[in-house]
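User: Hi! I am new to this structure and would like to learn how to read its features. Could you walk me through it step by step?

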Amino acid sequence: MVGKDDKVDWLFSHLDRVASAHVAGLLFGPGTPESTSVQTDGGNLFAKTITYQNPGGTPLE
């Protein structure tokens with residue numbers, strides 16, 4: 001059984017932890033041919049990005 005590719009969901013639901021780790025940018029792309037890509041994720045990455053951007057993002061400290 002192949003596990004769900006949930007990295008986008010995890011990162012966007014924990015952006016406070018990502019920012020606390022001093023990460024200033026995230027890059028997304030398939031790591032293996034079996035991985036989800038922007039073309040195959042059903043618009044998930046774009047939807048999460050818009051939802052994140054509209055209220056102003058996460059401040060970096």
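Analyst: Happy to! Helices (H or I, at least four residues) and strands (E, at least two) are DSSP runs, numbered from the N terminus. With that naming, H22 sits in the loop between α2 and α3. This is a predicted model, where local features need pLDDT of at least 70 and side-chain atom pairs count only at pLDDT 80 or more, while totals for chains, interfaces and linings use all residues. Residues are numbered from 1 along each chain as its sequence is written, and side-chain values use heavy atoms, leaving out hydrogens and water.

User: What is the phi of H22, and is H22 buried or exposed?

Analyst: Most residues other than glycine have a negative phi. Here H22, although not a glycine, has a positive phi of about 65°. For exposure, buried means under 20% relative accessible area, exposed over 50%, and partly exposed in between (1.4 Å probe, protein chains only). H22 is exposed, because its relative accessible area is 66%.

User: How many salt bridges does the structure hold?

Analyst: A salt bridge is a side-chain nitrogen of Lys or Arg within 4 Å of a carboxyl oxygen of Asp or Glu. The structure holds one: K48 pairs with D9, and their closest N and O atoms are 3.2 Å apart. K48 lies in helix α3 and D9 in helix α1 (residues 7–13), so the pair ties together parts that are 39 residues apart in sequence. K48 counts as partly exposed, at 26% relative accessibility, and D9 is partly exposed too, at 22%.

User: How do I read a pocket, and which residues lie nearest the centre of the second largest pocket?

Analyst: Rolling a probe the size of a water molecule over the atoms shows where empty space is left. On a 1 Å grid over the protein atoms alone, a pocket is an open set of points where a 1.4 Å probe fits, with protein on both sides within 12 Å along at least five of seven lines; lining residues have an atom within 4 Å of a point. The second largest pocket is lined by 14 residues, with L15, A24, G25, L26 and Y52 nearest its centre. Helices α2 (15–20) and α3 (44–53) each supply at least two residues of that lining.
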